[in-house]
Amino acid sequence: MLAYPFPRESEVSCVLSGAAGLGIQTVEDMLARVVVDSGLCVFGSREYMSRVRGGNNSTELRIARSRVDALVDRMDILVAMSRNVRVNILERIAPSTVIIGDRAELGTELDDAGGVFVQAPLAELAAEAGGRIYSNSVAAGILLGILGLDPARAGEFFVKRFAGKKPDVAERNTRACNAGYEIGRELVDGKGLFGKASPDESVGRALVNGSDAVSLGAMAAGCNFVTAYPMSPATGVLSFFSQNAERAGAVVEQTEDELSAINMAVGAAYAGAKPMVTTSGGGFALMSEGISLAGVVEAPVVVHLSQRPGPATGMATRTEQADLELALYSGHGEFPRAIYAPGSIESAFLLTQEAFRVAHKYQTPAIVMTDQYFVNSFYNLNPNDLAMLDELPPVRETGADYRRYEDDPSGCSPFGVPGFGEGIVGADSHEHDEVGHVYEDFKLRKRMQDKRMRKLRGMSDEAVAPRLYGPEDYDALVVCWGSVIPIFREALSLLGLERTALLAFEQVWPLHSSTGGLLERAKRVITAEGNSTGQFARLLRSHTGVKASGSILKYSGLQFSVEEAAQRLSEGIAGKGGDS
């Protein structure tokens, strides 16, 4: 494994590990808030077990003086708050890793793990602050002391976070944090790692994760109807909308199952709403018939599909990119659809708006694909850097001669809403004529199918172009999509290869017209994606005829790290790698 260079003056990777229920998320939120309020940057990524109770969870906070947006294996500091540290965390301990833990809890568990162990009386200090439940705040305080960040900011966070609870809850957390801070400060002799330079005042202060970005993008597009049956890891979008429904002017419905969720959305689209459904692979599979219904009814429906490993329940709280073909081919019959796969928070905000724009312009389903890693990762940004698309055009009043499925050269018939105008707005799941009446007429069938499929031409012309990172005169081209993009972009930067570029796809169907030409210019094409069969590589070959000369695949349930991506890229470009 490549050793990631640790620019200690500019970046630190901290991992907190502890039992579920110990308040790791509270600590994560507090540390991230203090970091960005101090003028630094943070990237956070959490992993958790699929259990109602028990088990160990962890979160990684990558703290830097400049923008960071990818997962690294390197752990400079590991705070182990509970015993039974998971194997995937233990494997990341290096001789340089500083392990902070309480022997009263851990015993000798980490004695042979490698790294440098630092005893910290978490339980004792927590008890002095008011109870053992405050050990998480003691641990967070130690990190603040090591980093050289002001613990008063933590106190401000606790006051806001626990505003609805008894006043002593915030006070006890603050007391515990301050006790830990003194330990951390002594560990670095009062010279905190980020205490030397002035903070960057230009750093964006908004902390946004993938779920928030998809939700905010939908709200920006005017989404006013959200349905879902809760399913990890897609539930974050449902939660965000339900918490902000009034401000968004949206109706949010937790349905009895996924069939109801998609069919309610199709009905809402028919009535003139701007609906979105959020689900994961298992739920999306159940929605297949409803997706097909949206295709024939020509209903503008947006679906957020957050991927996790399958088949079936698979690993409910882990990550994968194995639902591309499910999204591409779901639903019986043939009808156009658009599929987006954002690689950044900013892209998720923009592309969710784009999904609404395309769905409404072409009156057909659009799908936004994320995954567990993406929706649970976050970093800080400036809200002014989020791009807003124009508002969707208003629905026009129908005339007396209105025909819902008028045969237009673009395939897009005038969109009307029942009750808004004199026209009758027909709709039917059967094949129908321009008015919406059911006919079993073979010539009519061909005419209407041709009309629907003509939309794909316009959607292709408007497809988001893949983004090229690196030299224009490349010999080798690394191709990836969705959440792995920032990881492989940083990995390539780490390798410093002069004639290798990265081609990043954030719209995976229909593909932009430049795709074939960009692939053909490379002597070697290597695809990198999070599944076991190379689904996107297969799509590229069927669409362009270009076969990738190598692929880098991962399907363990964990995301690639920068170091792993760099290692496997170096082998793949040297011709030593291949399918895994």
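A261 is found in helix α11 (residues 258-270); helices here are DSSP runs of H or I with at least four residues, strands are runs of E with at least two, and both are numbered from the N terminus. A261 is buried, at a relative accessible area of 0%, where buried means under 20% relative accessible area, exposed over 50% and partly exposed in between (1.4 Å probe, protein chains only). This is a predicted model, in which local features need pLDDT of at least 70 and side-chain atom pairs count only at pLDDT 80 or more, while totals for chains, interfaces and linings use all residues. Residues are numbered from 1 along each chain as its sequence is written, and side-chain values use heavy atoms, with hydrogens and water left out.

**Around A261**
- Not counting residues up to four places away in sequence, A261 touches T227, A228, Y229, T255, V277 and M287; a contact means heavy atoms within 4.5 Å.
- A261 and T278 sit 17 residues apart along the chain, and their C-alpha atoms are separated by 8.7 Å.

**Nonpolar cores**
- The largest nonpolar core has 57 residues, and F241, M276, F356, I487 and F488 have the most contacts inside it.
- Helix α15 (residues 345-362) supplies the largest share of this core, with nine residues.
- A second, separate core has 49 residues, including I24, A32, I77 and L143.
- By "nonpolar core" we mean a set of buried Ala, Val, Leu, Ile, Met, Phe, Trp, Tyr and Cys residues joined through side-chain atoms within 4.5 Å.
- As background, nonpolar side chains in soluble globular proteins tend to be buried together.
- Which residues does I487 contact, leaving aside its neighbours within four places in sequence? The list is A70, L71, Y373, Q559, F560, S561, V562 and A565.

**Strand β13**
- Six of the six residues of strand β13 (residues 366-371) are buried, so the strand is largely enclosed by the rest of the structure.
- Both of its faces are covered, with A366, V368 and T370 buried on one side and I367, M369 and D371 buried on the other.
- β13 runs parallel to strand β11 (residues 302-307), joined by six bridges, and V303 stands opposite I367. Two strands count as paired if DSSP finds at least two bridges between them.
- Strand β12 (residues 338-340) also runs parallel to β13, through three bridges, and the partner of Y340 is V368.

**Strand β4**
- Strand β4 (residues 77-80) is covered on both faces, with I77 and V79 buried on one side and L78 and A80 buried on the other.
- Four bridges link β4 to strand β1 (residues 11-19) in parallel, and S17 has A80 as its bridge partner.
- Four bridges also join β4 to strand β5 (residues 98-101), again in parallel, with L78 opposite I99.

**The five-stranded sheet**
- Five strands make an open, mixed sheet in the order β15-β17-β16-β19-β20.
- β15 (467-469) and β20 (550-553) are the edge strands, each pairing on one side only.
- Neighbouring strands are turned by 20° against each other on average, direction ignored; axes are lines fitted to C-alpha atoms, for helices over the stretch in contact, and angles run from 0 to 180 degrees between N-to-C directions.
- β15 and β17 (residues 500-505) run antiparallel and share three bridges, with R467 opposite A504.
- Helix α20 (residues 535-544) packs on the sheet, touching β16 (476-481), β17 and β19 (524-529), and its direction makes about 140° with that of β19.
- Helix α21 (residues 562-573) lies across β16, β17, β19 and β20, at about 155° to β19.

**Helix α4**
- The buried residues of helix α4 (residues 122-129) are L122, A123, L125, A126 and A129.
- Seen down the axis, these buried residues fall within an arc of 165°, so they line one face of the helix; the arc is that of the directions from the helix axis to the C-beta atoms.
- The cover over them includes α5 (135-147) and α7 (167-187).
- Next after α4 comes G130, with a positive phi near 145°.

**Cysteines**
- How many disulfides does the structure hold? It holds zero, a disulfide being a pair of cysteine sulfur atoms within 2.5 Å.
- The sulfur of C177 is 14 Å from the closest cysteine sulfur, in C14, which is too far for a bond.
- C177 is buried, with a relative accessible area of 1%, and C223 counts as buried at 1% relative accessibility.
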